[in-house]
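Colleague: I would like to go through the terms used for this protein and see what each one rests on. Please set the values against the cut-offs.

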Amino acid sequence: MIGPLIAVTGATGAVGGRVARRLARTGVPVRLLGRDPARLPDLPGADHAPAARYGDAEAMRRALDGAHTLFLVSAHESPHRVREHTTAIDAAVAVGVERIVYMSFQGAAPDATFTFARDHWDTEAHIRTAEVRHTFLRDNWYLAGLPAMTGTDGVLRGPGGDGRVAAVAHEDIADAATAVLLDEGTDHDGRVHDLTGPEAFTLAEAAGELSRVTGRPVVYVPETREEAYASRAGYGAEDWEVAGWVTSYEAIAQGELAAVSDAVPTLTGHPAKSFAQFLVENPDSYRHLLPGG
């Protein structure tokens, strides 16, 4: 298969790397972007752009010159993330990129409880004003994050209350994104696709599933906002980052991540992975919870 050039950002990351590998297997022209070109995967038919940071307009213009479609994975969280995104978007438009597929977050809104979801809304708003075709893929929490955020003491803690989360697997996000990127029609133009798992569950239910698969007690301990900030005070993170951690749980408590979408099966042709299935396929994700892990 051949087609117009697709530029993939974040190609060393969990989502961008998976998308890059899927695209390369189809034979479409792919250009990989990353802050450190030496870490970019060596994929057949893919070329590597020079080092390009989102906030460096000139470098982004060089990296995107000749690309038809840009898969824009959001930058690492920072106080300047929206500015970095807008610089990258403007660079893409300036060199003639015709289409942007942006990895956003479910519930993105100017007043979203999750503070980082507000960054995604601002980025979406900038793309909407640009002269470019666009699609927004709004993923939910990552399934991989649930065991990762569970301590070796077997406790998952946060101010999520009894809210539900329709967490999704990286593999399903990558499959859905690849399907959209390879579709050269206009069906996805201006569309928002929420990418979720097949069900919404509470954090207590997630802990129960981890108990089942590890064979040890794993519990969810709901925190108040004050307790959540206090329990994370020792990480040495900046205030804006801690606020993002805490409000991601509060978004669950508020019901903002409970909606289940059929976008994954519709776009990919296969069911979205459940948390139980994810754990079966990814035993390393909870190895730290096992004896001697």
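Modeller: What follows takes helices, aromatic pairs, cores and strands in turn.
This is a predicted model, in which local features need pLDDT of at least 70 and side-chain atom pairs count only at pLDDT 80 or more, while totals for chains, interfaces and linings use all residues. Residues are numbered from 1 along each chain as its sequence is written, and side-chain values use heavy atoms, with hydrogens and water left out.

Colleague: Which residues of helix 3 are buried, and what do they pack against?

Modeller: Buried means under 20% relative accessible area (exposed is over 50%, partly exposed in between, with a 1.4 Å probe and protein chains only). In helix 3 the buried residues include R81, H85, I89 and A92. The buried residues of helix 3 pack against helix 2, strand 4, strand 5 and helix 4; contact means heavy atoms within 4.5 Å. In helix 4 the buried residues include F116, H120 and I127. R81 also lies over the face of F116, at 5.6 Å from the ring centre. The cut-offs for a charge over a ring are NZ of Lys or CZ of Arg within 6 Å of the ring centre and within 35 degrees of the ring normal.

Colleague: Why is the pair of W141 and Y249 called edge-to-face?

Modeller: Rings of Phe, Tyr and Trp (its six-membered ring) pair if their centres lie within 6.5 Å; planes under 30 degrees apart count as stacked, over 60 as edge-to-face and the rest as tilted. A search of the whole structure finds seven such pairs. Y102 and F136 form one of them, 6.4 Å centre to centre with 90 degrees between the planes, and this is edge-to-face. That pair links Y102 in strand 5 to F136 in strand 6, 34 residues apart. Y102 is buried, with a relative accessible area of 0%, and F136 is buried too, at 1%. The rings of W141 and Y249 have centres 5.3 Å apart and planes at 85 degrees, so this pair is edge-to-face. W141 lies in the loop between strand 6 and helix 5, and Y249 lies in helix 9, 108 residues apart.

Colleague: What makes W141 count as buried?

Modeller: Its relative accessibility is 7%, and the cut-off is under 20%, so W141 counts as buried.

Colleague: Which residues have the most contacts inside the largest nonpolar core?

Modeller: A nonpolar core is a set of buried Ala, Val, Leu, Ile, Met, Phe, Trp, Tyr and Cys residues joined through side-chain atoms within 4.5 Å. The largest has 56 residues, and L32, F71 and I100 have the most contacts inside it. Helix 6 gives the largest share, six residues. A second, separate core of 29 residues includes F105 and Y249.

Colleague: How many bridges join strand 4 to strand 5?

Modeller: Four bridges join them, and the two strands run parallel. Two strands pair if DSSP finds at least two bridges between them, so four bridges meet the cut-off. F71 has V101 as its bridge partner in strand 5.
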